[in-house]
Amino acid sequence: MDIINPATEALITTLEGDTAASAQKKYEQVRQGQPAWSQTPITERIATIARFSELLKNQADELAATLTQEMGKPLNQAHNELNGARGRIQYFVENSEKWLAEEVVTEEEGLVEKIAYEPLGVIANISAWNYPYLVGVNVFVPALIAGNAVLYKPSEYTTLTGLKIGELLHQAGVPENVFQVVVGGGKVGQALLELPLDGYFFTGSNRTGHYIYETVAPKMVPCQMELGGKDPLYVPNDNANVAKTAQAAAEGAFYNNGQSCCAVERVYVHQAIYDEFMEAFTQEVQQFKLGDPEEEGVFIGPLARQEQIAVLEQQVQDALDNGARLLTGGKKADRTGYYFEPTVLTNVNHQMQVMREESFGPIIGIQRVADDEEAVALMQDTDYGLTAAVYCDTQEKAKEILAKIDSGTAYWNCCDRVSATLPWSGRKKSGFGSTLSYQGIRTFTKPKAYHLRVMNNN
Ligand code: TXE
């Protein structure tokens, strides 16, 4: 496998990927190690994960540099991601014992009823490249703490980061026969679908997620999908901070080059404040610095995948062909690397791809709406259901609007954020199942219901 730096298009290194045969070997290894791991006291498993988090901190500079070199996110955003991952790990370290402890639900004369949370066994974690630490930690940390063994397949676009994660988990004390990194792309991922695993946890595109779900269905094992999004943000005519809102919306749309499943992908603004918003938003976007992601102050690095440039060019062209107006950007940047200029389109509508299909890049369409009803109808007009945001002064108005939106996450005066204490879940084409929060701890277990009755000897 060639590992390419998307900012320079230079070869970083070449390494051997796994094959179906080597994946099978790794499977046998972790199948063999899982029982003993599930027998270790949970406090030990948690302590191991805490040591892993310490190692992430001690090696943050090297890990951030590797992440930036292989997928192009600005260095400070790579550091932010590592810090975010440590915050999430801390949540699991502090809360897993409580949510995985046996639960006595009935204790009567001669009868006890209780629930035990047992690990699933050996699970596959097939992961994505946009936040490899964050989306990985969502799965393999609670899975390991619950006593599972994990076959972890990082995206082929962040292989080096995936290997580092494996190395540090082993250094922290996770046995080699409990966690194994499976290196490669779709073909190797496909090999995992053929193995007799006890669960599949996927983060990636709807297309691949759909394929995986139908392929593993005959196994009748737990399967969770964290897929894409087309997340809307609405600004009603109840907002005394339009400029601040525009800044927050621009950050939500362009952070990580828009390569975030919960990035703001559509913006609707009430007609009364539309011009003021557009002015502030475009100004904000035009001051984003595009450049070398290792350089201080750069906000827009290269896209991780060269193929995405054509997708974005197509969305811009389709929008312009249908009457949209280009306010800034609109094309591949004229420099080495997979760079696309931060792009703002207005006069857009739902006949355009840019308002319907995931962009996963530095491009946004902003649509003027007459009133809240029109905004709700447009926000709901989507195949996705990941997040939705409303920026306004009165919480009641926000909650009234958000209650009508079919999404797993709702934001009032914030966006593009994931919290360890809340379930992270998608609906419709955004997938199903929850990670994070107490739900995301029990996701990697199966309940055993104990009915314990004293045999009365009279
Ligand atoms: O996805 P792919 P990408 C989504 C985001 C975007 C996509 C980008 O919306 O659409 O992910 O990630 C492996 N059998 N999210 O392009 O191609 C592949 O090797 C088994 C949403 O990487 O779907 C990689 O490891 N595995 C998310 C993984 O699947 C296969 C956050 C994903 O690859 C396979 C991040 C196959 N046949 C990205 N083909 C969220 N909601 O949190 C590919 N893979």
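Predicted model: local features only at pLDDT ≥ 70, side-chain atom pairs only at ≥ 80, totals over all residues.
The side chains of Asn-177 and Gln-32 are joined by a polar contact of 3.2 Å, a polar contact being a pair of N or O atoms within 3.5 Å of which, within protein, one must be able to donate a hydrogen and the other to accept it, with residues adjacent in sequence counted only if both atoms are side-chain atoms. Residues are numbered from 1 along each chain as its sequence is written, and side-chain values use heavy atoms, with hydrogens and water left out.

Asn-177 is located in the loop between helix 6 (159-172) and strand 7 (179-181); helices (H or I, at least four residues) and strands (E, at least two) are DSSP runs numbered from the N terminus. With a relative accessibility of 23%, Asn-177 counts as partly exposed, where buried means under 20% relative accessible area, exposed over 50%, and partly exposed in between (1.4 Å probe, protein chains only). Leaving aside residues up to four places away in sequence, Asn-177 touches Gln-29, Val-30, Gln-32, Gly-33 and Gln-34, contact meaning heavy atoms within 4.5 Å.

Gln-367, which lies in strand 14 (residues 363-369), counts as buried because its relative accessibility is 8%. Its contacts, again not counting residues up to four places away in sequence, include Val-267, Tyr-268, Val-269, Tyr-274 and Leu-378.

Tyr-274 is also one of the buried residues of helix 10, among which are Phe-277, Met-278, Phe-281 and Glu-284. Helix 10 (residues 274-286) has 13 residues and reaches 18 Å from its first C-alpha to its last, close to the 18 Å expected at 1.5 Å a residue, the expected span being 1.5 Å times one less than the number of residues. The cover over the buried residues of helix 10 includes strand 10, helix 9 (242-254), strand 11 (264-270) and strand 14.

Strand 10 (231-235), together with helix 12 (372-380) and strand 15 (384-385), also contributes to the lining of the largest cavity, each supplying at least two residues. This lining comprises 15 residues, of which Pro-232, Arg-266, Thr-382, Tyr-384 and Gly-385 lie nearest the cavity centre; a lining residue has an atom within 4 Å of a cavity point, and a cavity is a set of points, on a 1 Å grid over the protein atoms alone, where a 1.4 Å probe fits but cannot get out.

Key
1 Å grid on protein atoms, 1.4 Å probe; cavity = no way out; pocket = protein on both sides within 12 Å on 5 of 7 lines; lining within 4 Å.
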